[in-house]
Amino acid sequence: GETGMNVIGLDPGSTESSFVELDEEGDPATRLSAPNQAIREQLRIIQLFDPGRQIVLAVEWMRPRGMPTAQEEIDTCVELGRMIEAWGGAYEKVSRLQAKMHVCGRANATDANVRRGLIDLYGGDDRAIGGKRCQRCKGTAVVTRLNTPCPVCGSTSSPGWRVPPGPLAGIVGDEWSALAIAATARVRLAKAAGVAVTVSCG
C-alpha cells in the first residue's frame, strides 16, 4: 500500500556511506554509495530541487552498549550529524537491532540474514532480483539473421528476459543495510499514521 511519502534509508560510515530511497509503493527508486561529501551534497539536492514531495530521512542510529568505542564509530557519529544537518528536514532514528527485528525477527541476524530477509520480503529471488535472460534468444529478443522476434519472449512486456530485473536488482554492499533501515522506518511511520503497508513485489 502507498504511504504518501518517500523514505530514504541511510547507512552512515566514517568516510563513505550508502542510501536507498523508497518510493510511495515501497520500491527502491534511487540508491547511492559514495564518499560522505557526495552523500551530503545529494541530500541537499533532494531537498532543494524536489520540495513538494514528502520525504523522510531514516538514519541508522548507534545505541549505547556499555563497551569501549572505536575511533571509527566516533567519526561515523560526527559524519552522521553532518549529513542530518545537510538534509535539514525530518528524520527518523532506526537502530541496527530494530532493522534486524523488522526484517528477520531475530536480534542475532547477520548481514547475510538481513539480505535474504529483504529478498524474501520483496517476493523472493525471481521477483526481487530477477535479471534472468531468455534462454532461446540469449537476451537479444530476436532470433535468426532476419531479426525475427523471439517466439519465447518477443511478445512479452520485457522482451529478452525470462525473468526481468526486479526492484532490488543492482543493490550491493551497505545499500542492503540502508534498504533495511528504510523498510523499517517506512512501516513504523505508516503504523503511526494508521496506514497498512506492503511492498509491491513487482
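How many disulfides does the count come to? The points below begin with that matter and then turn to the helices.

1. Cysteines. The structure is a predicted model, and in this model the count comes to zero disulfides, a disulfide being taken as a pair of cysteine sulfur atoms within 2.5 Å. For orientation, a disulfide is a covalent bond between the sulfur atoms of two cysteines. Cys153 is in no disulfide, and the nearest cysteine sulfur to that of Cys153, which belongs to Cys137, lies 3.6 Å away. Cys153 counts as buried because its relative accessibility is 1%, while Cys104, with a relative accessible area of 25%, is classed as partly exposed.

2. Helices H1 and H2. Two packed helices are described by the angle between their axes and the distance between the axes. Helix H1 spans residues 36-49 and helix H2 spans residues 71-87; their axes come within 8 Å and cross at roughly 20°. Angles under 35 degrees count as roughly parallel, and H1 is therefore roughly parallel to H2. The crossing of H1 and H2 is right-handed. On the H1 side, the contact is made by Asn36, Ile39, Arg40, Leu43, Arg44, Ile46 and Gln47, and on the H2 side by Glu79, Arg82, Met83, Ala86 and Trp87. By residue class, the contact of H1 with H2 consists of six nonpolar, two polar and four charged residues.

3. Glu85. This residue has its place in helix H2, and its relative accessibility of 64% is why Glu85 counts as exposed. Between Glu85 and Arg40 there are 8.8 Å in space, C-alpha to C-alpha, although the two are 45 residues apart in sequence. Arg40 is itself among the H1 residues that make the contact with H2.

4. Helices H3 and H4. Helix H3 (residues 96-103) and helix H4 (residues 111-121) have axes that come within 9 Å of each other and cross at roughly 45°, and H3 and H4 are therefore oblique to each other. The crossing of H3 and H4 is left-handed. Where these helices meet, H3 contributes Arg96, Lys100 and Val103, and H4 contributes Asp111, Val114, Gly117 and Leu118. The residues of this contact of H3 with H4 divide into three nonpolar, one polar and three charged.

5. The buried residues of H4. Which residues of H4 are buried? They are Val114, Gly117, Leu118 and Ile119. Just after H4, Gly123 takes a positive phi of about 105°.

6. Leaving aside residues up to four places away in sequence, Leu189 touches Met5, Val7, Val56 and Glu92. For one of these, Val56, the separation from Leu189 along the chain is 133 residues, whereas the C-alpha atoms of the two are separated by 9.3 Å.

Terms used. Residues are numbered from 1 along each chain as its sequence is written. This is a predicted model: local features need pLDDT of at least 70, side-chain atom pairs count only at pLDDT 80 or more; totals for chains, interfaces and linings use all residues. Side-chain values use heavy atoms; hydrogens and water are left out. Axes are lines fitted to C-alpha atoms, for helices over the stretch in contact, and angles run from 0 to 180 degrees between N-to-C directions. Helices (H or I, at least four residues) and strands (E, at least two) are DSSP runs, numbered from the N terminus. Angles under 35 degrees count as roughly parallel, over 145 as roughly antiparallel, 65 to 115 as roughly perpendicular and the rest as oblique. A crossing is left-handed if the near helix is turned anticlockwise from the far one by less than a right angle, and right-handed if clockwise. Contact means heavy atoms within 4.5 Å. Ala, Val, Leu, Ile, Met, Phe, Trp, Tyr, Cys and Pro count as nonpolar, Asp, Glu, Lys and Arg as charged, and the others, Gly among them, as polar. Buried means under 20% relative accessible area, exposed over 50%, partly exposed in between (1.4 Å probe, protein chains only).
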